[in-house]
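This briefing covers strand pairing, crossovers and a surface patch. Please look at the sequence and the model before reading the points.

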Amino acid sequence: MRVLIDINHPAHVHLFKNFAWVMQQRGHKVLFTTREKEISHVLLENLGFEYICLGKHYKKALGKLWGIVKYDVQLWGVALKFKPDIFISMGSIYGSHASFLVGKPNILLQDTEHATLQHKLTVPFCDVMLNPVCFHRELNPKKQMFYQGYHELAYLHKNYFEPDPAILGELGVTPGEKFVIVRLVSWTANHDVGHNGISLENKIKAVKAFAKHAKIFITSEEKLPEELQPYQIRIKPERVHHALYYASLLFGESATMASECAMLGTPSIFLDNDGRGYTDEQEEKYQLVYNFTESPEDQEKAITKALEILQMDNIKEEWARRTQKMLEEKIDVTGFLVWFVENYPNSLKQWRENPNYQYEFQ
């Protein structure tokens, strides 16, 4: 089988990396395509995958519109040469269009409810959409299938991820020493229009407040202002999940990183006006993530909550207990995905007839 995976964001490299490795071990051919968005191509290079980088990522509206035309055509050309049997992606507009043009099945993963433009440009062209059960939005009942898991479990499930304590030395912290990772995003995705995130004033306020209780490391999609540059994290990008595992807290604007921390037993604070179904579930059902809006009042509340967590005793032990409860109820997403793709479309028929078959993958 020949599988083409289009990558929109660095997190999607992690989402599909174990799937790709397992598929390759089983004799299948896997090709990644991507754009120069943050470190996506760097991760693919560092992880040793075969990939094609199609060009730069456009941030402005006109550039994004041009990008749809440009990358549709380019990915179509790649597909004609590679001759994939199946396309798979996390909400890729270009992958959806290219799969339609070459007449091959397209499996679309999606967990962001408010990515409205992305939904309009992908759902009509996909064959099946895989959503976590906490996904709040009905897009196309004939195509949507819901699984008991989170995308982040595809790479942070205990079957695939083992934390490396050597990361502590790379960070310059001692075992047991508290440290906080602050995650700031660029707000340039299609679904980020109208968002401002945490104000600069509150970013600085939060860092100064947290620094009284722990070391601070900032990971940012944009260049940091001068006041925050001394806190910039300096580790290889593929090492970030080991840092998240040992962190005392994540504070920031990334839903993906907040959810990653939920998989790893680390408390997280997530600020976003739209929220996500999966971080909502992780708060309401498992008390692993705390969700706040971007309003000035909620930014203050988020900082207060973060300080409350940092002053708790046995933070990591308590969150490990909560995470274990969650893991007992969820599936091994990579194992499930390998089965689903290898046996498609028979796997889709089998899953529809027996939704509980997914629990074979735990």
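Strand β2 and strand β3 (residues 51-56) pair in the parallel sense over 4 bridges; two strands count as paired if DSSP finds at least two bridges between them. Strands (E, at least two residues) and helices (H or I, at least four) are DSSP runs, numbered from the N terminus. The model is predicted, with local features needing pLDDT of at least 70 and side-chain atom pairs counting only at pLDDT 80 or more, while totals for chains, interfaces and linings use all residues. Residues are numbered from 1 along each chain as its sequence is written, and side-chain values use heavy atoms, with hydrogens and water left out.

**Strand β2 and its partners**

- Within the pairing of β2 with β3, E36 has K56 as its bridge partner in β3.
- β2 also pairs with strand β1 (residues 2-6), again in the parallel sense, over 5 bridges.
- In β2, L31 is the residue that stands opposite L4.
- β2 spans residues 29-36 and is mostly covered, with 6 of its 8 residues buried (under 20% relative accessible area, 1.4 Å probe, protein chains only).

**Crossovers**

- A right-handed β-α-β unit is made by β1, helix α1 (residues 10-25) and β2; right-handed means that, with the strands pointing away from the viewer, the path from the first strand over the helix to the second runs clockwise.
- β2, helix α2 (residues 40-46) and β3 make a right-handed β-α-β unit as well.

**Nonpolar surface patch**

- The patch consists of W66, V69, V73, W76, L80, F100 and L101, and together they have about 720 Å² of accessible area (Shrake-Rupley method, 1.4 Å probe, only the protein chains shown counting as cover).
- Patch residues have over 30% relative accessible area and no salt bridge, and nonpolar side chains (Val, Leu, Ile, Met, Phe, Trp, Tyr) are joined within 5 Å; a salt bridge is a side-chain nitrogen of Lys or Arg within 4 Å of a carboxyl oxygen of Asp or Glu.
- Helices α3 (61-82) and α4 (93-102) each supply at least two of the patch residues.
- The most comes from α3, with 5 residues, and V73 lies in this helix.

**Five-stranded sheet**

- An open sheet of 5 strands runs in the order β9-β8-β10-β11-β12, with parallel pairing.
- β9 (215-220) and β12 (289-292) are at the edges with a single partner strand each, so one side of each has no neighbour in the sheet.
- On average, neighbouring strands of this sheet are turned by 20° against each other, direction ignored; the axes are lines fitted to C-alpha atoms.
- Strand β10 (residues 249-252) pairs with strand β11 (residues 268-271) in the parallel sense over 3 bridges, and the bridge partner of L250 in β11 is S268.

Notes
Buried < 20%, exposed > 50% of the residue type's maximum accessible area, 1.4 Å probe, protein only. Patch = residues over 30% accessible without salt bridge, like charges linked within 9 Å, V, L, I, M, F, W, Y side chains within 5 Å. Axes fitted to C-alpha atoms, helices over the stretch in contact; angles between N-to-C directions.
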